[in-house]
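Student: Could we go through this structure step by step, with each answer reasoned out before the value or name is given?
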Amino acid sequence: MAEDEGYKMEQEQEVELQKHIVGSLPTIFYIPNFITNSEQAQLLHHIYEVPASRWKSLKNRRLQNWGGVVHEKGLLPQDLPPWLTKFTQRIFQQTGLFPSAINHVLINEYLPNQGIMPHQDGPAYYPIVAILSLESPVVIDFTPHLRLKGRTEKEGIAVKGSDNNVTASDDAIVSSNKLICRTDDIRQPCSLLLMPCSLLLFKDEAYSDYLHSIQDSELHRVDKVVNASETLKLEEQKLGDAGETIKCTSSEGQSGSFCRTSTRVSLTCRLVLKVKKNLFKF
Ligand SMILES: O=C(O)CCC(=O)C(=O)O
Ligand SMILES: [Fe+2]
């Protein structure tokens, strides 16, 4: 049976999310093989087919914004293309987490030494994020922080950038050296290995009380990831790469770590509840 046909048979089924909780935080879910390899290839084809002007270059990555412009007061919407809705609808239907259809997708592209600094996704979004990972594996880190809301001035937490435009994923970035750690805080940091074709979901507490980040180094440690069984696939992946020698420029791959040798692409799928139809009626 073709890979895609097998998938279609299961298409209508809702994923049993409880089975996909990883680690001690019940608001982080990891679903391996959410899409097939051929679907990954199709997505990459569409992502790289767009005109160069679709890409916005940031300091440490490139991104494409789909679904419209996110303003402080809501989304000025644009229809998502069918090659994206195929997957946003699947995420919506199978997870049952979003109250209505996903209407915004950010596509991030990271070179092997690029990452994303610790941040919280902006207030414009419904507090659930679905991240589809393509190509190179990476480790994503969740770090607890004090609630930002209402505490920023009093407790001296820096919140940068308030615009919810195309760089919305970068708003509410908290500079890591200003994080305040409380000794009585029982919340633990946690890390997950995101393999290609996997779906990461995080919501509620993981959304509002944790910052998430990806280190901008080629070498990523996997010895503490909460989805440890995924690390077995790293070996398979190496073999799949026709025996390519894995070498980091910075340092050789060591046990308990792996080297990112290729680009990673991720699709951050979210819902903006406030949608504006008319530009002049914000
Ligand atoms: O690429 C990722 O996995 C994370 C992206 C992210 O945090 C964002 O777009 O806000
Ligand atoms: Fe984010």
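Student: How many bridges join strand β8 to β11, and which residue of β11 is the bridge partner of Ile128?
Tutor: This is a predicted model, in which local features need pLDDT of at least 70 and side-chain atom pairs count only at pLDDT 80 or more, while totals for chains, interfaces and linings use all residues; side-chain values use heavy atoms, with hydrogens and water left out. Residues are numbered from 1 along each chain as its sequence is written, and chains are lettered from A and ligands numbered from 1 in the order in which they are written. Strands are DSSP runs of E with at least two residues, numbered from the N terminus, and two of them pair if DSSP finds at least two bridges between them. Strand β8 (residues 128-135) runs antiparallel to β11, with five bridges between them, and the partner of Ile128 is Lys203.

Student: How many residues of strand β11 are buried?
Tutor: Buried means under 20% relative accessible area, exposed means over 50%, and partly exposed lies in between, with a 1.4 Å probe and protein chains only. In a regular strand the side chains alternate between the two faces of the sheet. In β11, Leu199, Leu201 and Lys203 are buried on one side, and Leu200 and Phe202 are buried on the other. For strand β11 (residues 199-203), the count of buried residues is therefore five of five.

Student: Which residue of β12 is the bridge partner of Pro144?
Tutor: Strand β9 (residues 138-144) and strand β12 (residues 210-214) run antiparallel and are joined by four bridges. The partner of Pro144 in β12 is Tyr210.

Student: Which residues coordinate the iron ion (ligand 2)?
Tutor: Donors are N, O and S atoms within 2.8 Å of the metal, or 3.2 Å for Na, K and Ca, and because water is not among the atoms, sites may look incomplete. The donor residues are spaced H-x1-D-x90-H in sequence. At 2.0 to 2.2 Å, the coordinating residues are His119 (NE2), Asp121 (OD) and His212 (NE2).

Student: How far from Cys197 is the nearest cysteine sulfur?
Tutor: A disulfide is a pair of cysteine sulfur atoms within 2.5 Å, and the structure holds zero of them. Cys197 is in no disulfide, and the nearest cysteine sulfur, that of Cys269, lies at 14 Å.

Student: Is Val225 buried or exposed?
Tutor: Val225 lies in the loop between β13 (219-221) and α6 (232-240), where helices are DSSP runs of H or I with at least four residues. Leaving aside neighbours within four places in sequence, Val225 is in contact (heavy atoms within 4.5 Å) with Val139, Ser191, Leu192, Leu193 and Thr231. At 7% relative accessibility, Val225 counts as buried.
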